[in-house]
Every structure is written in structure tokens, then in C-alpha cells.
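Colleague: I'd like to learn how to read a model like this one. Please take me through it one feature at a time.

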Amino acid sequence: MTIEDEPLVNFLKVHCPTAPPSPPHLEESIMKAISASEVPQARRRKPWWWLSLPTAAVLVGGYCWFLGNCGKSPQMASGGGEEIEAFMMEVWNLSTTSSEFSYAK
Amino acid sequence: MNVLTDAVFETDCIQLVRKCQQGDKQSFRLLYQRYHQQVRSILYRLCGSEFLDDLQQEVFLRVWKSIHQLRNPQYFSTWLYRICWNVACDENIRRQKQRHQVENREKELDNPLLLLHYEELVAKGLQQLSLEHRAVIILHDLEDLPQKEIAQILSIPVGTVKSRLFKARKKLREFLEKEGITL
């Protein structure tokens, strides 16, 4: 504060009107209004915690879907082993004969 | 001794704020009793006597509803001043919308019969300032708050506090000189 400002500030401090005192019922009125309002929460929840919930749900859901559709573990065929053996023999024979023809050409 | 008393007062206040954050209404009552006159005084100087009780109630209701968001209880008083400022700004906007009420108020203030005392002159001088200028005069010159804290309360740079203070004092001085008071 400069020397020029001092008289002004002092004048304001001395002559500034003071607020009228609170009416006696105001404190009770405010306490009643507070009782009617919700009790404040003890601690604000952190936003990152809430954001991680949908992300986790998407990840878990996606993994379950993957297991249900694509991720089935390989299993041995329970029956029909002879049929498969015959089929493979046939394919093998056909392939060897066709390759002989191709070389002959 | 004063430093020690202030430290005890501050620690006590921090404890009260923490209890309020847990929903303790009795602690809120104590906090109210400690600060209500300060709040009332600032609201009176910022907004005048009209709706003063309602504004005071609004400040303390906002305090109760959002006290759990106050992370550092040691800054409670700064935070409280900020709520007072927000309530005063909201009231200012409401009054601007209801222009006829403001006009009636100006007519009242223009009445020379009411301007008999210096107190009334100061009140009128403060009212003719913008709310921003009035706030810095009240917080700095009347409440003796440091400029840094005022900057935090009003969310403005310290440089802006200084420039507003300079302009506000200049306007007040001019007003008082016009009314025949030389300082």
C-alpha cells in the first residue's frame, strides 16, 4: 500500500458500515435446512476406479465370447478312426499318381 | 502468543472440518458459530442488506453440501471466502435480471436524506464499484487478506488483483472527492 492510499484505506476501515447481527432464528433455520439435505459423503470416489469398471467388463466379456466361439481346445475324435485312415490312404494314392502324370508331361 | 493461539485455532478448525466431512452436524454448528459473522460481513459489503439472511443460509448450505470435496481442511477459510464470492456473483446475476429492483435501489441511494453519514457514503461508494472491484477492496483493504490468497479466492492472477485494487481505489477516491471528502 502506498502512502497515498493509506488515508483512503483508513477512512474505509473506520467508516465502512458493519453488517447487522444475524437474527437469532437463522442458526436454527440453517441447521434445519442442513438436516433436510443429504449427509455429505465421507470421501469422493476416484474417477479412475469407475472408469476401470466398464473397461474390465468389456475385457472379460470379450474373453468369454472368444472362448465360446473360437477358443475351443482341440479334442481327438472319439470314433471313425478307420474311416479317416482309409480316406487318408486314398488321398495319398491319388496325389502320388497325379504327380507322376504331371511329371510325364 | 498470538501465533500460538492462531495455531490452536487452526488445528481446532481442521478437526471440525474433518468431522463435518464425516457428517457430524454438531461440528458444523460450531463451524457456523465461528465463521457466520465473517461470512455475513462480507456478504453485506458485497451485496448489501437485501436478502442477507438468505445469502448467508445459501453459503452455509453450499458449505455443508460440498465440504466432503475439500481435500485440504487447512484451506477452509479460503474455500469459504470463495463460496461467499460465488454466492455474491450468483446474486449479482439474479439482480441484473431483475433490473427494476436495481433501479429502485439506485433511487433510494440517490436520496440525499439517506446520505447523512460517512458510513452511508462508503456504502454508496462501494455499491457504485463493479462487483469485481468491490471484492478486492473488501478482501484486501477491509478484511486484510494477502493478495495471493485473494487471487486464489477469485481465481485470478496476483497481477490482476493489484490492477483491480489500483482502479477500485482510484474510483472510490474520485467518488469521495465528488462528495466533498478529500483524502
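Modeller: Let's begin with contacts: two residues are in contact if their C-beta atoms, placed from the backbone, lie within 7 Å. What you see is a predicted model, where local features need pLDDT of at least 70 and side-chain atom pairs count only at pLDDT 80 or more, while totals for chains, interfaces and linings use all residues. Residues are numbered from 1 along each chain as its sequence is written, and chains are lettered from A and ligands numbered from 1 in the order in which they are written.

Colleague: Of the contacts in chain B with a separation of 6 or more, what percentage comes from residues 24 or more positions apart?

Modeller: That share is 59%.

Colleague: Next, secondary structure. How many helices and strands are there in chain B?

Modeller: Helices (H or I, at least four residues) and strands (E, at least two) are DSSP runs, numbered from the N terminus. Chain B has nine helices and zero strands.

Colleague: What percentage of the residues of each chain counts as buried?

Modeller: A residue is buried if 20 or more other C-beta atoms lie within 10 Å of its own, exposed if 12 or fewer, and partly exposed in between, with the C-beta atoms placed from the backbone. In chain A, 5% of the 105 residues count as buried; in chain B, it is 30% of 183.

Colleague: Which residues touch the most other members of the largest nonpolar core?

Modeller: The general idea is that nonpolar side chains tend to be buried together in soluble globular proteins. A nonpolar core is a set of buried Ala, Val, Leu, Ile, Met, Phe, Trp, Tyr and Cys residues joined through C-beta atoms within 7 Å. Here the largest one has 46 residues, and L43(B), V59(B), C84(B) and V136(B) touch the most other members. Helix α2 of chain B, residues 25-47, gives the most to this core, with nine residues. Domain 1 (1-97) and domain 2 (99-183) of chain B both give residues to the core, so it lies between them; the domain bounds come from an automatic or database domain assignment.

Colleague: Which residues does L43(B) touch, not counting those up to four places away in sequence?

Modeller: L43(B) touches L52(B), L55(B), Q56(B), V59(B), C84(B) and A88(B).

Colleague: Now α7 of chain B, residues 131-142. Why is this helix described as largely enclosed by the rest of the structure?

Modeller: Nine of its 12 residues are buried, so α7(B) is largely enclosed. The buried ones run from H133(B) through R134(B), A135(B), V136(B), I137(B), I138(B), L139(B) and H140(B) to D141(B). They pack against α1 (5-15) of chain A, and against α2, α4 (76-97), α6 (118-127), α8 (147-154) and α9 (158-178) of chain B.

Colleague: Let's zoom in on H133(B). Is it buried or exposed?

Modeller: H133(B) is buried, with 20 other C-beta atoms within 10 Å. Leaving out residues up to four places away in sequence, H133(B) touches R164(B), K167(B), A168(B) and K171(B).

Colleague: Where is F51(B), and what is its phi?

Modeller: F51(B) is in the loop between α2 and α3 (52-66) of chain B. Its phi is positive, about 60 degrees, although F51(B) is not a glycine. With 15 C-beta neighbours inside 10 Å, F51(B) counts as partly exposed. S155(B), also not a glycine, has a positive phi of about 55 degrees. S155(B) is in the loop between α8 and α9 of chain B and is exposed, with 9 other C-beta atoms within 10 Å.

Colleague: On to the two chains together. How many residues does the contact take from chain A and from chain B?

Modeller: It takes 30 residues from chain A and 33 residues from chain B. On the chain A side, α1 and α2 are the elements that give two or more residues. That side divides into 18 nonpolar, seven polar and five charged residues. Ala, Val, Leu, Ile, Met, Phe, Trp, Tyr, Cys and Pro count as nonpolar, Asp, Glu, Lys and Arg as charged, and the others, Gly among them, as polar.

Colleague: At what angle do α2 of chain A and α2(B) pack?

Modeller: Two packed helices are described by the angle between their axes and the distance between the axes. Axes are lines fitted to C-alpha atoms, for helices over the stretch in contact, and angles run from 0 to 180 degrees between N-to-C directions. Helix α2 of chain A (residues 24-36) packs with α2(B) at an angle of about 145 degrees, and their axes are 11 Å apart. From α2(A), the contact uses E27(A), I30(A), M31(A), I34(A) and S35(A), and from α2(B) it uses K25(B), F28(B), R29(B) and Y32(B). By class, that is five nonpolar, one polar and three charged residues.
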